[in-house]
Amino acid sequence: MITNQQLVINNFEEKLRVFTHAVSGKLTEEEDFVIANTEIPTDTFNVLLPKSPNIKNTVKIRHGIDNFSFKEYPFSIWIDAQYLNDDWKKLMQEYDLKEVERNAMMKLENTLNVGQRNSHQLTITHVKNNEELMEYKEVFMSLFEGTPEKDALESYFNTFSQVKLGSEVQMFIGCIGEMTVTTGLLIESKDSYGIYDVMTKETFRGKGYGSEMFQFLLNQTKDKQKPVVLQASDDGKNIYKRFGFIDVGEMVVFE
């Protein structure tokens, strides 16, 4: 029986797989971990994801981390709080990695009772061409204004190929008139749907655009019996709870 935490981890693994493949990066998949290496210096997309509390392939994990270090590529580790035992903590300390955030793992059992959008302030478009991708990128990168990560993300999206994503990935932009103000991402894996990148430009926040995009994403699920998972900051948790999501665990991020 797959646990709720494993649902979140497995869907996140699918996201790492497709977004690494989209820039022709390298994905190392082992029984106990996944390493996504985009070959671009971005800790947003260069990720080590532990899949077990037990480290079985220490040599391969070290090789992956050392490869990032050798090329001076920043990276992040996203680990289920339940997996943070002495072995993983020792590895973090060895590479001088520090905890930077914690996100709630959340799950909605199914989308059978999701209501239609409460408002239609947004014109929501499925991203299918390069122009729409650039609009998605603009909102995404606005969250990193004034940081070195913004330049890395510019390189990432300039290398990005929508063709390589596959049909299980749906990217959306929400517009007010001609202005793109919000984004959303829906990824279907074998066992769940995952929602990511519900982002709104800073000057347009507090107007309900993010909630409208979120409800739209829930309505895009084809298999209404399948659960939906996500990772939420403290700011977003209450919004998701209003849609019926429950806390199922905690993800800890190290950089």
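Visitor: How exposed is Arg62 in this model?

Guide: This is a predicted model. Buried means under 20% relative accessible area and exposed means over 50%, with partly exposed in between. Arg62 has a relative accessible area of 27%, so Arg62 counts as partly exposed.

Visitor: Which residue does the side chain of Arg62 meet in a salt bridge?

Guide: A salt bridge needs a side-chain nitrogen of Lys or Arg within 4 Å of a carboxyl oxygen of Asp or Glu. Arg62 meets Glu94 this way, at 2.3 Å from N to O. Arg62 belongs to helix H2 and Glu94 to helix H3, so their pairing ties together parts that are 32 residues apart in sequence. Glu94 is also partly exposed, at 44%.

Visitor: How many salt bridges does the whole structure have?

Guide: A search finds 16. Among them is the pair Asp96 and Lys98, with closest N and O atoms 2.4 Å apart. Asp96 is exposed at 53% relative accessibility, while Lys98 is partly exposed at 47%. Glu14, Arg17 and Glu168 are linked in a network.

Visitor: Now helix H5. Which of its residues are buried?

Guide: Helix H5 runs over residues 148-159. Its buried residues are Glu149, Ala152, Leu153, Tyr156 and Phe157. They cover an arc of only 135° around the axis, which means that they sit on the same side of H5. What covers them includes helix H1 and helix H4.

Visitor: What does the face turned away from the buried side carry?

Guide: That face of H5 carries the exposed residues Pro148, Asp151 and Asn158.

Visitor: Which residue forms a salt bridge with Lys150?

Guide: Glu145 does, with the closest N and O atoms 2.8 Å apart. Lys150 is partly exposed at 22%, and Glu145 is exposed at 53%.

Terms used. Residues numbered from 1 in each chain as written. Predicted model: local features only at pLDDT ≥ 70, side-chain atom pairs only at ≥ 80, totals over all residues. Heavy atoms only, no water. Helix = DSSP H or I, 4+ residues; strand = E, 2+ residues; numbered from the N terminus. Expected span 1.5 Å × (residues − 1). Buried < 20%, exposed > 50% of the residue type's maximum accessible area, 1.4 Å probe, protein only. Arc of directions from axis to C-beta. Contact = heavy atoms within 4.5 Å.
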